[in-house]
Amino acid sequence: MGHTTYGDFIRAQREQRGLSQQHIADELGVSRSTYLAIEKGTKELSLSEAEKLSRFFGITIDELLQNQIPDIEKYKQMIHAFLRQDGRFTKTKLAKLLYFADFAWFYKNLKSMSGMSYRKIKYGPVADAYFRVIDEMFDSGEINIENTDDGAMLISETRSGTKTRLSSIKVEEKKLIEKIAKKWGHKRTGEVVDFTHKQLPYMFAEENEIVSYEIFGQENPDEIY
């Protein structure tokens, strides 16, 4: 049996809270040795165990199984980083570029840039928090949103938005964002959407389901973004 990827994540969550293995085993109603096997990644979590753990840690089951908790501030900085490459993007295209950045980073580093979960919707994979984050950034005056004649929404940085420091984004992450923006910046939104529809994570997910980072590891290197 292969190793699960969430064992280390669960251990990290436990250690951050200063709790013993026995404590979590008791919460789950399992023996310490069973819990130890979960942390080592040699025993799969049952659905009820996953539900109990996610409730206990105060995270969603998706975050638990994707083994990362979203970094909303970093995600906002990624939005700024993309807008600084090309000035402005449609709302749909920007959502896809962020998906490319997170999944391409996962492909190389086995963790995503922002830790966001992405869901399969009609226009390709979109982060669960994307629309809320865009609204927040608009309300706080960091971005402009203009409606175009064909019904699209164009997003750009405001003058105060350009002052936002991208302190959470590493040099290598910035390079990846630049590459993605260079490749897709001048393509039509429809072309970007079509590309994401042909990728394994999108094809394997059911409608409205979370798209798997793990499956992306099987993608061909030239089809990552």
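Guide: The axes of helix H2 (residues 21-28) and helix H3 come within 9 Å and cross at roughly 105°. This is a predicted model, in which local features need pLDDT of at least 70, side-chain atom pairs count only at pLDDT 80 or more, and totals for chains, interfaces and linings use all residues. Residues are numbered from 1 along each chain as its sequence is written, and side-chain values use heavy atoms, with hydrogens and water left out.

Visitor: How is H2 oriented to H3?

Guide: Axes are lines fitted to C-alpha atoms, for helices over the stretch in contact, and angles run from 0 to 180 degrees between N-to-C directions. Angles under 35 degrees count as roughly parallel, over 145 as roughly antiparallel, 65 to 115 as roughly perpendicular and the rest as oblique. H2 is therefore roughly perpendicular to H3.

Visitor: Which residues make the contact of H2 with H3?

Guide: Contact means heavy atoms within 4.5 Å. H2 contributes Gln21, Gln22, Ile24, Ala25 and Leu28, and H3 contributes Arg32, Tyr35, Leu36, Ile38 and Glu39.

Visitor: In what order do the strands of the open sheet lie?

Guide: Strands (E, at least two residues) and helices (H or I, at least four) are DSSP runs, numbered from the N terminus. Two strands pair if DSSP finds at least two bridges between them. Here the order is E1-E5-E4, with antiparallel pairing. Strand E1 (88-90) and strand E4 (143-147) are the edges, each pairing on one side only. E4 pairs with strand E5 (residues 153-157) over five bridges.

Visitor: Which helix packs on the sheet?

Guide: Helix H8 (residues 130-139) does, touching E4 and E5.
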